[in-house]
Amino acid sequence: MPVIKPRTRGKHLVEHRTRLDRDNHETLYAYAAFVEEEPDYVINQLVETVLAKDKEFLAWRTTHPHSHAPQRVVKTQHASRVAFARRSSRAIVTSHDSGVRAAVDR
């Protein structure tokens, strides 16, 4: 019987990138295949089940309830990418009357 049960409801997910030891990486994917779930779900369940058993952590968490997650940084586009996006969003239009071509925003 698997320790981690298949998901029963959806949750709000955020992206988190991390690196794993090679053996843990293989074990994660093998376990995900075993329970027929995505590796992301397995990691979330491990955090929920394993950390919920740490009584010292739970006591600390009650006195430190604020978020400890780093704020997400929203990257802005580099100026050259913005200019390229503007150029590629223009259409070349040819006037049938005068034969003049002009760039027009789409």
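These legends describe close-up views of a predicted model.

**View 1. Overall fold of the 106-residue chain.**
The predicted chain contains four helices and two strands. Along the sequence these elements follow the order α-α-α-α-β-β. Buried residues account for 8% of the chain.

**View 2. The largest nonpolar core, built from six residues.**
The members of this core are Ile4, Leu28, Ala32, Val35, Tyr41 and Val42. Two helices, H1 (22–35) and H2 (39–51), each supply at least two residues of the core. The biggest contribution is that of H1, with three residues.

**View 3. The loop between H1 and H2, with Glu36.**
Glu36 lies in the loop that joins these two helices. The phi angle of Glu36 is positive, at about 55°, although this residue is not a glycine. Glu36 has a relative accessible area of 70%. An exposed residue is one with over 50% relative accessible area, so Glu36 counts as exposed.

**View 4. A nonpolar patch on the surface.**
Eight side chains are to be shown here: Ile43, Leu46, Val47, Val50, Leu51, Phe57, Leu58 and Trp60. Together they have about 650 Å² of accessible area. The elements giving two or more residues to the patch are H2 and helix H3 (55–63). H2 gives the most, with five residues.

**View 5. Val47, a member of the nonpolar patch.**
Val47 sits in helix H2. Its relative accessible area is 46%. Buried residues fall under 20% and exposed residues lie over 50%, so Val47 is classed as partly exposed.

**View 6. The largest pocket, with a volume of about 1400 Å³.**
The lining of this pocket consists of 38 residues. Closest to the pocket centre are Val14, His16, Asp40, Ile43 and Asn44. Helices H1, H2 and H3 are the elements that give two or more residues to the lining. The largest share comes from H2, with 10 residues.

**View 7. Helix H2 in the core, the patch and the pocket lining.**

How values were computed: Residues are numbered from 1 along each chain as its sequence is written. This is a predicted model: local features need pLDDT of at least 70, side-chain atom pairs count only at pLDDT 80 or more; totals for chains, interfaces and linings use all residues. Side-chain values use heavy atoms; hydrogens and water are left out. A nonpolar core is a set of buried Ala, Val, Leu, Ile, Met, Phe, Trp, Tyr and Cys residues joined through side-chain atoms within 4.5 Å. Buried means under 20% relative accessible area, exposed over 50%, partly exposed in between (1.4 Å probe, protein chains only). Patches are made of residues with over 30% relative accessible area and no salt bridge: like charges are joined within 9 Å, nonpolar side chains (Val, Leu, Ile, Met, Phe, Trp, Tyr) within 5 Å. Accessible areas come from the Shrake-Rupley method with a 1.4 Å probe; for residues, only the protein chains shown count as cover. A salt bridge is a side-chain nitrogen of Lys or Arg within 4 Å of a carboxyl oxygen of Asp or Glu. On a 1 Å grid over the protein atoms alone, a cavity is a set of points where a 1.4 Å probe fits but cannot get out, and a pocket is an open set with protein on both sides within 12 Å along at least five of seven lines; lining residues have an atom within 4 Å of a point. Grid points are joined across faces, edges and corners, and a volume is the space filled by probe spheres set on the points.
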